[in-house]
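Please open the model in your viewer and keep the selection panel at hand.

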Amino acid sequence: MAVRLSLFIVALKKRGIKLGKIAVVPGSFDPITNGHLDIINRGASIFGEVFVVVLNNSSKNPLFSVEERMQLIIDATSHLPNVKVQTFSGLLIDYVESVNASVIIRGLRAVSDFEYEMQITSMNRVLNDKIETFFIMTKNQYSFLSSSIVKEVARYGGKIEELVPSHVERALKEKYNTY
Ligand code: PNS
């Protein structure tokens, strides 16, 4: 079934036809990395509309404010006309329902992501079993990449130019005063 769906999506993509559905790419995005961007780019080439949503109820202590994170994503996705950037406080499923989306897109980097992703996907399915979660495998060169690891390197003035868009690199250098 899953293979048939993948083949169907490949056939549609070859013809330049997108699935006419709204998909949501949720996350903390503190800040957006090239790995996130890879997933958003590929999601936007498959689905009619993609809403990137910055979830505002994380227990993490973010480096960037929600507004800063949204602006960094807006600047990184300005080449994608079918991508909108929003924020939400509360359950992801409530946001997905509020924008009439039917799909959640998550990136998978390595086996280590699987357990956490399975947990949140299963929880979301309990909350609403009509919403499907699509997993997109991150490109190999980003399989180790996370916002946390980028911040760790940036804090000590390390090289991050291949890991994040240039405006994000500038924003990180300003935050950490590492110019
Ligand atoms: O980028 P992240 O931190 O991996 O994203 C995780 C996120 C924000 C998608 C997840 O924590 C989430 O969906 N939070 C909203 C709260 C929610 O809906 N919880 C129920 C499902 S676990």
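Grid points are joined across faces, edges and corners, and a volume is the space filled by probe spheres set on the points. The model is predicted, and local features need pLDDT of at least 70 while side-chain atom pairs count only at pLDDT 80 or more, although totals for chains, interfaces and linings use all residues. Residues are numbered from 1 along each chain as its sequence is written, and side-chain values use heavy atoms, with hydrogens and water left out.

**The cavity**

A search of the whole structure finds one cavity of 30 Å³ or more, and the volume of the largest cavity is about 40 Å³. To display its lining, select I93, I104, T121, N124, R125, I131, E132 and T133. Three of these residues are nonpolar, three polar and two charged, where Ala, Val, Leu, Ile, Met, Phe, Trp, Tyr, Cys and Pro count as nonpolar, Asp, Glu, Lys and Arg as charged, and the others, Gly among them, as polar.

**The largest pocket**

Two or more lining residues come from each of β1, α2 (34-46), β4 (103-108), α5 and α6 (147-155). Which element provides the largest share of this lining? Select α5, which contributes seven residues. By class, the lining of the largest pocket holds 14 nonpolar, 17 polar and eight charged residues.

**The ligand**

Now show the ligand, which takes up the space of the largest pocket; a molecule sits in a cavity or pocket if more than half of its atoms lie within 2 Å of its grid points. Two or more residues of the shell around the ligand come from each of β1 (19-27) and α5 (111-127), with α5 giving the largest share, three residues. The ligand is surrounded by 13 residues, of which S28, K60, L92, R106 and I120 are the closest, a residue being near if one of its heavy atoms lies within 4 Å. This shell has six nonpolar, five polar and two charged residues.

One lies 2.7 Å from a polar side-chain atom of S28, and a ligand oxygen is 2.8 Å from a backbone N or O atom of L92. In the side chain of R106, an N or O atom is 3.0 Å from an oxygen atom of the ligand. Taken alone, the ligand exposes 540 Å², and the protein buries 76% of that area, as computed by the Shrake-Rupley method with a 1.4 Å probe.

Finally, select F29, which is found in the loop between β1 and α2 and has a positive phi of about 50° although it is not a glycine. P31 lies in the loop between β1 and α2 as well, and the peptide bond from D30 to P31 is cis, with omega near 0°. Most residues other than glycine have a negative phi, and most peptide bonds are trans.

Conventions
A polar contact is a pair of N or O atoms within 3.5 Å; within protein, one must be able to donate a hydrogen and the other to accept it, and residues adjacent in sequence count only if both atoms are side-chain atoms. On a 1 Å grid over the protein atoms alone, a cavity is a set of points where a 1.4 Å probe fits but cannot get out, and a pocket is an open set with protein on both sides within 12 Å along at least five of seven lines; lining residues have an atom within 4 Å of a point. Helices (H or I, at least four residues) and strands (E, at least two) are DSSP runs, numbered from the N terminus.
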